[in-house]
Amino acid sequence: MMKHQIEILCAVSMTVCLSSSVMGFEAFEVSPINNARQQQPDVDNGKVVWAEQVEGDWDVYGIDLLDGSGELIFIAAFIDSDQVEPAIWNNSVVYQDNTYGDWDVYMSDITDANLPVDYPLMLSENDQTNPEIHGNTVLWQHEFATDDWDIYAADITEPNSPSVYVVDDYDYNQRQPAVYRSKVVYQDDYYGDWDIWSADIWLKNAPQHDEVIFNETALNQENPAIWDDTVVCQVDAGDGNYDILSVNISNSVSPAVTPIAVGASIQINPDISGHLIVWQDDRNGNWDIYGYNLITRQEFLITTQTASSSLSHPADQTNPAISGSLVVWEDLRDAPDKPMRIYAAWLDGDVIADCPNR
């Protein structure tokens, strides 16, 4: 069981869900070792990774919040080049690297945290960016030509010889991929605006494609994330006012769309783990992190502005990621003493109940 995760008792005879009361979430700095700028966090099963600016370039670091040591994991750093956009699953970390002048995709095995092993997954004259990983599948967006991005994948069962294949190389752009087992989602501008599409890559040589949210309007649907049959994304409600929607894709012919966060404010950058969704929200005049429980259908605030005394304005919390009951994000609460840092919180109480309220 994950640290601080509560036990939920569902009393069938009473059809009620009992859980501990909400006590608030204690936000903490993931790695308060230095004053370097940190960004782009990701998390899986207590392991957190991020990009950190060290001596003028970006490197990838991580930490295991469950092992109790608090030791920093050095993952990827090459002299005079950048490693950014890390994503993690189990002991595999993927990231993009510009050692050779363009962006390439690498994977680092951190089974031995003291000696990570790096594997290049695709080296090309064009850019490969925004990698994602689940199980033995790594995804990224591949620049075929100027203004023409495709979605590629690699089976890393044998990381020394990854099997690379095409997920979607239709005309125009396919970007921002996400993956859960054999299900892939991404945004596509074939119809002139961004729409969310899915692909089943069970048959790697013949992916099956479906449009997740049908093109009923000329507004953008972007930044998808996926867990099982649930896709979350941000949708332009007009004039750049983005909302968060979830879509059940178990029925590809008629996917069920559910509003998660709508209104006059902007909600962007969603992520999902199990029945919990997180995103960044500006309803309070600055960026805060909110969450939503798909089972209890309850929204909740995760973190808001708690700036240092030297800040004269609200601090932003942005770009959240979630795994189980652990949420991580970028945070400016320590400015100007520190630049952007990675913070986290363990969720507990009623907000993570996994049976409906009655």
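I started at a ring: arginine 333 lies over the face of tyrosine 343, at 4.5 Å from the ring centre. For this I count a charge as over a ring if NZ of Lys or CZ of Arg is within 6 Å of the ring centre and within 35 degrees of the ring normal.

Some ground rules before going on. This is a predicted model, where local features need pLDDT of at least 70 and side-chain atom pairs count only at pLDDT 80 or more, while totals for chains, interfaces and linings use all residues. Residues are numbered from 1 along each chain as its sequence is written, and side-chain values use heavy atoms, with hydrogens and water left out.

**Entry: confidence**

I looked up pLDDT, the predictor's confidence in each residue, from 0 to 100. The protein averages 88, and 89% of the residues score at least 70. Over residues 1-23 the pLDDT is below 50, though this stretch has 46 contacts in the model beyond near neighbours in sequence. A contact here means heavy atoms within 4.5 Å. Where pLDDT is low, the predicted coordinates should not be read in detail.

**Entry: strand E30**

Back to tyrosine 343, which is in strand E30. Strands are DSSP runs of E with at least two residues, numbered from the N terminus. How many residues of E30 (341-346) are buried? I found that 6 of its 6 are. Buried means under 20% relative accessible area, exposed means over 50%, and partly exposed is in between (1.4 Å probe, protein chains only).

In a regular strand the side chains alternate between the two faces of the sheet. In E30 I see Arg341, Tyr343 and Ala345 on one side and Ile342, Ala344 and Trp346 on the other, and both faces are covered.

Next I checked the partners of E30. Two strands pair if DSSP finds at least two bridges between them. Strand E29 (residues 326-331) runs antiparallel to E30, joined by 6 bridges, and valine 327 stands opposite alanine 345. Strand E3 (residues 28-29) also pairs with E30 in the antiparallel sense, over 2 bridges. There, glutamate 29 has tyrosine 343 as its bridge partner.

**Entry: aromatic pairs**

I counted rings next: the structure holds 7 aromatic pairs. Rings of Phe, Tyr and Trp (its six-membered ring) pair if their centres lie within 6.5 Å; planes under 30 degrees apart count as stacked, over 60 as edge-to-face and the rest as tilted.

One of them joins tyrosine 61 and phenylalanine 74, edge-to-face at 5.9 Å centre to centre with 70° between the planes. Tyrosine 61 is in strand E6 (residues 57-64) and phenylalanine 74 in strand E7 (residues 72-76), so the pair ties together parts 13 residues apart in sequence. Tyrosine 61 is buried at 12% relative accessibility, whereas phenylalanine 74 is partly exposed at 43%.

Another pair is tryptophan 279 with tyrosine 290: their ring centres are 6.4 Å apart and their planes at 20°, so I note the pair as stacked. Tryptophan 279 belongs to strand E25 (residues 276-281) and tyrosine 290 to strand E26 (residues 288-293), 11 residues apart. Both are buried. Tyrosine 290 also has arginine 283 over its face, at 4.0 Å from the ring centre. I also jotted down one aromatic cluster, formed by Tyr172, Tyr190 and Tyr191.

**Entry: sheet E8 to E11**

I then traced an open sheet of 4 strands, in the order E8-E9-E10-E11 with antiparallel pairing. Which strands stand at the edges? They are E8 (83-89) and E11 (117-122); each has a single partner strand, so one side of each is left without a neighbour in the sheet. The twist averages 25° from one strand to the next, an angle between N-to-C directions of axes fitted to C-alpha atoms, on a scale from 0 to 180 degrees.

Strand E10 (residues 104-109) pairs with E11 over 5 bridges, and serine 108 has aspartate 118 as its bridge partner. In the loop between E10 and E11 I found aspartate 112, which is partly exposed at 41%. Its C-alpha atom is 8.8 Å from that of asparagine 91, 21 residues apart along the chain.

**Entry: sheet E20 to E23**

A further open sheet has 4 strands in the order E20-E21-E22-E23, again antiparallel. Strands E20 (221-227) and E23 (256-261) are its edges, each pairing on one side only. Strand E22 (residues 242-248) pairs with E23 over 5 bridges, and isoleucine 244 stands opposite alanine 261.

Last, I looked at threonine 230 in strand E21 (residues 230-236). Threonine 230 is buried at 17%. Leaving aside neighbours within four places in sequence, threonine 230 touches Ala225, Ser246, Val247, Ile272 and Leu294.
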